[in-house]
Number of protein chains: 2
Amino acid sequence: MTLVELAQLLQVSPATISRALNRPEMVSARTRERVLKAVRDHSYRPNGIARSLRKGETQTVGLVVSDLQNPFYSGIVKAIEHTLSAHDYSCIVCDASESQGKEQRALKLLGELKVSGIIHGFSGSGSDELERLGLDGIPIVEIDRASGMPGTDTVLLDNVLGARSAVDHLLELGHTRVGMISGPPRLTTGSGRLEGYLRALRQAGIEPSDELIAYGDFREASGRNAARKLLATRSPPTAMFVANNEMAAGALAELQDAGLELPADMSLISFDDVRWARYVTPPLTVVAQPLREMGEAAARLLLERLAGRTDPTRRVFQPELVIRQSTAPPRRVGIPA
Amino acid sequence: MTLVELAQLLQVSPATISRALNRPEMVSARTRERVLKAVRDHSYRPNGIARSLRKGETQTVGLVVSDLQNPFYSGIVKAIEHTLSAHDYSCIVCDASESQGKEQRALKLLGELKVSGIIHGFSGSGSDELERLGLDGIPIVEIDRASGMPGTDTVLLDNVLGARSAVDHLLELGHTRVGMISGPPRLTTGSGRLEGYLRALRQAGIEPSDELIAYGDFREASGRNAARKLLATRSPPTAMFVANNEMAAGALAELQDAGLELPADMSLISFDDVRWARYVTPPLTVVAQPLREMGEAAARLLLERLAGRTDPTRRVFQPELVIRQSTAPPRRVGIPA
DNA sequence: TTGTAAGCGTTATCAA
DNA sequence: TTGATAACGCTTACAA
């Protein structure tokens, strides 16, 4: 059932139906009733595609994230979806599966779909590659990255601060050999957290040692490998700081397999307050990111842009240290007491 | 930049450009090159909206789930997105936030967006309410529910079997007083798992006792309450079967607070192999659902429909019992040995 | 091999 | 207050 068919049925012009639906005040009460009744009776639904074409506006925004199953992203996506749908926007969600190819395909697709805006939470491609995608005038909000593309808003976490507070916590407990499992330094989440770690150590008068830093790719398996590597050093750390939750899961498994008892034999602290962190034994001390707030902020920034704001805006969120039971003083300090 | 503008630039007809892009073999090599170069140079992107309108096909499917943050759904959504995007469909994701109102709004919206199909993973509204939404000819695949709507495909888990294998496992270990923390019986996931529990007991010649069954709403707090209730009975169970992961988290906390040691004092088994189940102490024995397979199956069923299949199809998946360390023989059996 | 022209279902402009 | 009509940007008969 289309507008025209309905119009013929009611013996009015298509324009009248359209008006009765979109600007009811421009139509006489009598016809309005008649139209609305017919709409209900025939369960007529306007064709959003046709409307979008005509209006040059899709009321749709695209989300690109690297892994929907990662609680970090699913938390943010949920908040975004919630905020946008309250403003009559719908979300097209693309999972880049940690792949640059999929990311670029997704962005290209979103460009063709003429989404009203894009929220981009994946740090694969460089800004030049993105610009070449020809996303023209589509407003973009970046989460957890700042590509430097002109006219782009950004939602960030203060990664340096988060890492510092984590490492400071370990230092305060008396640890001096603190290991780190870092993400790839080419990502801001990788380099920022690494930098926070380095700064905290230096500020405490400890010179960082390359031996105590292992690199992963933010995924579980790499966390396990990195933990193994740290344990195999001549003088292993008494505490580990892990740059994200997935790698922390891997590291934890490795520590358990190695027969280490937490926190007596090893303190562990990681980024992201995912649900399982609370249920593990021992419950994990973590640096929590305010996911809901960050997702809402991203959605808000986009809505403001769509409403006309033009100056690039950046919002930086503060992480919160949540102390649980996976961190404690190191043995040689703890036992004598 | 539109097709027509590009055509003027190249001094060819719009049709030629369209053909060069969509049916390159219908165009001379020379013009094809010329067109493709111009497309690149001006980074022209076809307008997907216009194409959809013209073709009457959006290459888009809608997903409606009750909670994106729940690992069960995010796992399924990821698999669906992955499968569909490989077939050039994109996903519009709607989170119903456990609310019937949002669910119906979402479905209505998807109808207007003229999605090619819908995958529906939320058990809020009845089939009559859904039919009234006038989703007309849009194919629907339902996950974890079977509303009975005509022309609908279904992906299910064999909940009865899953519950039976869980309870059978406990019975084989020698338990005779097995408690259950059930979900709401009005949901198929609630009633199915309860039925499996009852059947397993009866088959073993044990008459189920109302005292040993506590009901929750699939959320954490209710699991804790239910566990407390079971512990307070005159003759408490020696093992508990919990119908989902959230309630299991609550139950586990309650058992720990009660000072019970697992599995010596109490065996615990739950549905859903979420990540934390592996890291808790002791690691939880669970009934695992094949999320990826289920998501893929849902996507496949939809693709088949879109390719022309008409007979309603239902795919039932078998859960898998994953035995870890939270289940063991009851004390009176275990100690004498 | 290429061009012409109709039309997908709306909304918006202009007249009546 | 209503109606006729022209877009929106693309694809596809049909014609040349």
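The legends below describe close-up views of a predicted model.

**View 1. The contact between chain A and chain B.** The contact draws 36 residues from chain B and 37 residues from chain A. On the side of chain B that touches chain A, at least two residues each come from α4 (48-55), α5 (71-86), β2 (90-95), α6 (100-112) and α12 (275-279) of chain B, and the largest share, 6 residues, is supplied by α5(B). Sorted by class, this side of chain B holds 15 nonpolar, 14 polar and 7 charged residues.

**View 2. Strand pairing across the two chains.** Strand β2 (residues 90-95) of chain A pairs with β2(B) in the antiparallel sense, over 2 bridges. Within this view, A:V93 stands opposite B:C91, a residue of β2(B).

**View 3. How the two copies are related.** The same surface serves both copies, as 100% of the contact residues of chain B recur in chain A.

View 4. Buried residues in α6(B) are B:K102, B:E103, B:A106, B:L107, B:L109, B:L110 and B:G111. What covers the buried residues of α6(B) includes β2 of chain A as well as β1 (60-65), β2, β3 (117-121) and α7 (127-132) of chain B. Just after α6(B), B:K114 takes a positive phi of about 55°.

Terms used
Residues numbered from 1 in each chain as written. Chains lettered and ligands numbered in written order. Predicted model: local features only at pLDDT ≥ 70, side-chain atom pairs only at ≥ 80, totals over all residues. Contact = placed C-beta atoms within 7 Å. Helix = DSSP H or I, 4+ residues; strand = E, 2+ residues; numbered from the N terminus. Nonpolar A, V, L, I, M, F, W, Y, C, P; charged D, E, K, R; others polar. Pairing = 2+ DSSP bridges. Buried ≥ 20, exposed ≤ 12 C-beta atoms within 10 Å, placed from the backbone.
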